[in-house]
Amino acid sequence: MTIALETRGLDKSFGGLRVTRDLSLKVMQGARHALIGPNGAGKTTVINQLTGVLTPNSGQILLEGSDITGLSVHKRVLRGLSRTFQINQLYPDLTPLETIGLAVSERMGRGGDWWRRMGTRSDVNAEIAEILSRFHLLDVMTELTSTLPYGKQRLLEIAVAIAAKPRVLLLDEPAAGVPESERHDILAAVAALPRDVTVLLIEHDMDLVFSFADRISVLVNGGLLTEGAPDEVARDPQVRAVYLGEAADV
Ligand SMILES: Nc1ncnc2c1ncn2[C@@H]1O[C@H](COP(=O)(O)OP(=O)(O)OP(=O)(O)O)[C@@H](O)[C@H]1O
């Protein structure tokens, strides 16, 4: 199996605080990989280094074997590494149909074209319909994004990222703030993406993690405590003691 995304000896400090410690991670092509750890373990800091928002003090990041450590956020996106947009980056006055239409057209280099010829391109229309359907947005596709329930807005964030056709998708708590009854739908839509999209997920909700992931890495104090298949991680006494707590029911 090929490695989609890899870190080698990644290290990051904020002043005297070492937040990423000699972190070597491998995310395999097609994986549904989760990065978990207690509050403050450094998960978001890892994602920010992967996307290029933060620069590591040392170590390397490789995307499909190429060193991308020095590349800008934008260049990483062009290479196929995307994270979800946050709700406040969505256009509140557009509908999901318009938002995904714009995102697909922009990826095709035809952003302006979409506005002039909205809805007339059958190839674009088919792709928009597929994405809206995959993320349960067909029923609200003509409503303004600002009026959508929170869960639908979070699905739209992921749908926008998918419209860019990423090879690797990074998700930082995509279901945070969503009512419990809708959280599984969000992760199920992501898990059901074609396997040519590799997914690395940060998530606090252990039910979601264990239903989504086929591989789990556990971060503690910026370093890798352990990693493995979900059942191995769930059984690991170190994980139970340090992260989940003895009482955790996993
Ligand atoms: N820009 C920054 N400057 C200084 N310290 C920071 C900065 N960003 C994060 N930290 C610190 O780095 C540590 C790791 O933070 P990070 O947000 O990566 O952890 P996390 O595992 O994502 O936490 P949570 O699960 O609570 O979101 C924390 O102690 C945090 O206070």
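The exercises below concern a predicted model, and each is followed by a worked solution.

**Exercise 1. Determine the strand order of the six-stranded open sheet and identify its edges.**

Solution. 
Step 1. The strands of this open sheet follow the order β6-β7-β8-β3-β9-β10, and their pairing is mixed.
Step 2. β6 (81–83) and β10 (223–228) each have a single partner strand, so one side of each is left without a neighbour in the sheet; these two strands stand at the edges.
Step 3. From one strand to the next, the twist averages 20°.

**Exercise 2. State in which sense β9 pairs with β3 and in which sense with β10.**

Solution. 
Step 1. Strands may pair in either of two senses, parallel or antiparallel, through backbone hydrogen bonds.
Step 2. Strand β3 (residues 32–36) pairs with strand β9 (residues 215–220) in the parallel sense, over four bridges. Within this pair, L35 stands opposite S217 of β9.
Step 3. The pairing of β9 with β10 is antiparallel and extends over five bridges. Here T226 in β10 is the bridge partner of V218.
Step 4. β9 and β10 form a hairpin with two residues between them, and N221 in the turn has a positive phi of about 50°.

**Exercise 3. Describe the four-stranded open sheet.**

Solution. 
Step 1. Its order is β2-β1-β4-β5, with antiparallel pairing.
Step 2. β2 and β5 (66–67) pair on one side only, and are the edge strands.
Step 3. The antiparallel strands β4 (residues 58–63) and β5 are joined by two bridges. In this pair, L62 stands opposite D67 of β5.

**Exercise 4. Classify the packing of α3 against α6 and against α5 by angle.**

Solution. 
Step 1. A pair of packed helices is described by two quantities, the angle between the axes and the distance between them.
Step 2. Helix α3 (residues 96–107) and helix α6 (residues 150–163) pack at an angle of about 20°, and their axes are 8 Å apart. Angles under 35 degrees count as roughly parallel, and α3 and α6 are therefore roughly parallel to each other.
Step 3. In this contact, P96, T99, I100, A103, V104 and R107 of α3 meet L156, A159, V160 and A163 of α6. By class, these are eight nonpolar, one polar and one charged residues.
Step 4. The axes of α3 and helix α5 (residues 122–134) come within 9 Å and cross at roughly 125°. That angle makes α3 oblique to α5.
Step 5. The contact of α3 with α5 has eight nonpolar, two polar and one charged residues.
Step 6. α3 passes α6 in a right-handed crossing, and α3 likewise passes α5 in a right-handed crossing.

**Exercise 5. Identify which element gives the most to the shell around the ligand.**

Solution. 
Step 1. The residues around the ligand are F14, L17, V19, G37, N39, G40, A41, G42, K43, T44 and T45.
Step 2. At least two residues of the shell come from each of β2 (17–28) and α1 (43–51).
Step 3. α1 gives the most, with three residues.
Step 4. By class, the shell divides into four nonpolar, six polar and one charged residues.

How values were computed. Residues numbered from 1 in each chain as written. Predicted model: local features only at pLDDT ≥ 70, side-chain atom pairs only at ≥ 80, totals over all residues. Near = placed C-beta within 6 Å. Nonpolar A, V, L, I, M, F, W, Y, C, P; charged D, E, K, R; others polar. Axes fitted to C-alpha atoms, helices over the stretch in contact; angles between N-to-C directions. Parallel < 35°, antiparallel > 145°, perpendicular 65-115°, else oblique. Left-handed = near helix turned anticlockwise from the far one by under 90°. Contact = placed C-beta atoms within 7 Å. Pairing = 2+ DSSP bridges.
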